[in-house]
Amino acid sequence: MREVYTWSAILSSLLFSQPSTTCASSQGLGSCWNVQDGNIGCDPRKFEDGDHLRCSEKHYPMNWVGRPVYSNAFSLRSGNSENQLNDPTTYRPNEWIDIYLTTHEYTQKFRGLIIHAMSSNMSHVGIWNSTDTSFRSKSKWMNPEPSCIMHRDASLKPLRIHFRFKGPPRGTGNITLKALIKVGPAHRGWFYYPNGRDPNLKGVVPVEGFPGTGNDLILYEAAERNLTWIEGKLGESCNEACNSRGLLCDQQALRDNQLSTPEEIEGKLTGIEFLLPLAASCARVAPAKSVNGLSWYNVANNIDGDRICESISEPREQTTCGSSHPTAQRLCACA
């Protein structure tokens, strides 16, 4: 858990004046901050003659940008199906989950973003990674520290961005995921929070006052998994292997990013005998052993899976519980 920094401490890293590779940690900050701090930007009614460079409120940082409001033009979710009711409502300690930030109106494509998770005691928790290979995540996103992620440059971002978030340790309790979005060019534009009830775009002042009404993404802490790793029979799926022992296959555990390198899977599967070294595979049956004596781990589960799978000329297929192959013995996570 980390100390929360206010907006005034990170002003210089958020100017958006030009594409930059300078991260907040290089400013000597080395920590995350609270994006829900509403004391930033300018009340649009205080822009003199609509000029963003002439805000009569001089005491707030970045007062050339409209003050943050909740907007339904953006959504922050733990799922990406059409039915939001299917989104996961829990996280498990020390396990990775998917988080999606979506811009629903093309004209609102944004340039700046800061996102983090916050515990009930206002500490920043968890670990963030980007999966956006189309924007080469290492050059477009940065982590001032592991518990938050933000833009590295001022380019327009995709309409949907897929992040990976690792839940904090057991006992953290419920967490709230926060995001601040900046739309518009340098020395102009507007700040938004996702998951708003109303659009509130381009200077609209919410009827109920700032920041308007919205529903933050809250995830509840679930119990840690009690997993058993087993070796299936030749040609058997993990569903079949686990069911034969009175257990259920845990697909999320199979897709754990922590199993996407040889070292990680060797440390996790200590009770299973397999030949070393493990070979990289992007097949949905990996991790597995084959009849020719080779053992495979699934690099498709890695956050950089697209690039790795392309380098070994295999399509990226994330591990599934129901997959099988006549020449493979699957290594299965059962609960």
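**Cores, strands and rings**

User: Is Cys-42 buried or exposed?

Analyst: The relative accessible area of Cys-42 is 0%. Buried means under 20% relative accessible area, exposed over 50% and partly exposed in between, with a 1.4 Å probe and protein chains only. Cys-42 is therefore buried.

User: What kind of model is this, and what pLDDT do local features need?

Analyst: Residues are numbered from 1 along each chain as its sequence is written, and side-chain values use heavy atoms, with hydrogens and water left out. This is a predicted model in which totals for chains, interfaces and linings use all residues, side-chain atom pairs count only at pLDDT 80 or more, and local features need pLDDT of at least 70.

User: How far apart in space are Cys-42 and Asn-63?

Analyst: Cys-42 lies in the segment before β1 (66-70); strands here are DSSP runs of E with at least two residues, numbered from the N terminus. Its contacts (heavy atoms within 4.5 Å) include Asn-63, Val-65 and Arg-67, not counting residues up to four places away in sequence. Cys-42 and Asn-63 are 21 residues apart in sequence, but their C-alpha to C-alpha distance is 4.7 Å.

User: How many residues are in the second, separate core?

Analyst: In the largest core, Leu-177 is among the residues with the most contacts. Leu-177 touches Leu-76, Ile-99 and Trp-128, among others, not counting residues up to four places away in sequence. The second core is separate and includes Cys-242, Leu-269, Cys-282 and Ala-300; its residue count is 24.

User: Which strands stand at the edges of the four-stranded open sheet?

Analyst: The four strands are ordered β2-β4-β10-β7, with antiparallel pairing, where two strands pair if DSSP finds at least two bridges between them. Each edge strand has a single partner, so one of its sides is left without a neighbour in the sheet. The edge strands are β2 and β7 (127-130).

User: Which residue in β4 is the bridge partner of Phe-74?

Analyst: Antiparallel β2 and β4 are joined by four bridges. Phe-74 and Leu-76 lie on one side of β2, Ser-75 and Arg-77 on the other, and all are buried. Leu-76 stands opposite Leu-101 in β4, while the β4 partner of Phe-74 is Thr-103.

User: At what angle do the ring planes of Trp-128 and Phe-163 stand?

Analyst: The structure holds six aromatic pairs, counted when ring centres of Phe, Tyr or Trp (its six-membered ring) lie within 6.5 Å, with planes under 30 degrees apart stacked, over 60 edge-to-face and the rest tilted. Trp-128 and Phe-163 have centres 6.1 Å apart and count as edge-to-face because their planes stand at 90°.

Key:
Core = buried A, V, L, I, M, F, W, Y, C linked by side-chain atoms within 4.5 Å.
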